Amino acid sequence: MQGRLTGKVEFLYRAKAFACFLNDRAQVLISEEIMHGGNHPYSLFEGLGGMAYLFLDMIEPSEARFPGYEL
């Protein structure tokens, strides 16, 4: 499998590793306001909403899109 934009598979592995990191630690990082300022915990860009999209994109990385961009 290749990355859609770069054609390099290593970026897919890095994205998967980052998703695993967030899956393990995100709730603690968000609740302690380490990951962001705590002002928008459900935000698409700095909160749980963005992580949800990341995890959904990891199911089929070749079909991943920026959320809402197709609208």
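Predicted model: local features only at pLDDT ≥ 70, side-chain atom pairs only at ≥ 80, totals over all residues.
Residues are numbered from 1 along each chain as its sequence is written, and side-chain values use heavy atoms, with hydrogens and water left out.

**The whole protein**

- Of the protein's 71 residues, 20% count as buried; buried means under 20% relative accessible area, exposed means over 50%, and partly exposed is in between (1.4 Å probe, protein chains only).
- The accessible surface comes to about 5,500 Å², and 59% of that belongs to carbon and sulfur atoms. These areas come from the Shrake-Rupley method with a 1.4 Å probe, and for residues only the protein chains shown count as cover.
- Take the contacts (heavy atoms within 4.5 Å) between residues at least 6 apart in sequence: 37% of them join residues at least 24 apart.

**Helix H1**

- H1 covers residues 9-31, which is 23 residues, and it reaches 33 Å from its first C-alpha to its last. That's close to the expected 33 Å, the expected span being 1.5 Å times one less than the number of residues.
- There's a bend of about 60° in H1 at Arg25, taken as the angle between axes fitted to the seven residues ending there and the seven starting there.
- The buried residues in H1 are Leu12, Ala19, Leu22, Ala26, Leu29 and Ile30, and the buried residues of this helix pack against helix H2 (48-59).

**Met58, on the H2 side**

- Met58 sits in helix H2 and counts as partly exposed because its relative accessibility is 23%.
- Setting aside residues up to four places away in sequence, Met58 touches Leu12, Ala15, Lys16 and Ala19. Leu12 and Ala19 are also among the buried residues of H1.
- Met58 and Lys16 are 42 residues apart in sequence, yet their C-alpha atoms are 6.8 Å apart in space.

**The loop between the helices**

- Pro41 is in the loop between H1 and H2, and at 30% relative accessibility it counts as partly exposed.
- Pro41 and Ser31 are ten residues apart along the chain, with 8.3 Å separating their C-alpha atoms.
- Phe45 lies in the loop between H1 and H2 too, and it counts as exposed because its relative accessibility is 66%.

- Leu44, Phe45, Tyr53 and Phe66 make a nonpolar surface patch of about 440 Å². Patches are made of residues with over 30% relative accessible area and no salt bridge, joining like charges within 9 Å and nonpolar side chains (Val, Leu, Ile, Met, Phe, Trp, Tyr) within 5 Å; a salt bridge is a side-chain nitrogen of Lys or Arg within 4 Å of a carboxyl oxygen of Asp or Glu.
- Tyr53, a patch member, is found in helix H2 and is partly exposed, with a relative accessible area of 38%.
- Leaving out neighbours within four places in sequence, Tyr53 is in contact with Leu44 and Pro67.
- Tyr53 and Ala64 are eleven residues apart in sequence and 9.0 Å apart in space, C-alpha to C-alpha.

How values were computed. Helix = DSSP H or I, 4+ residues; strand = E, 2+ residues; numbered from the N terminus.
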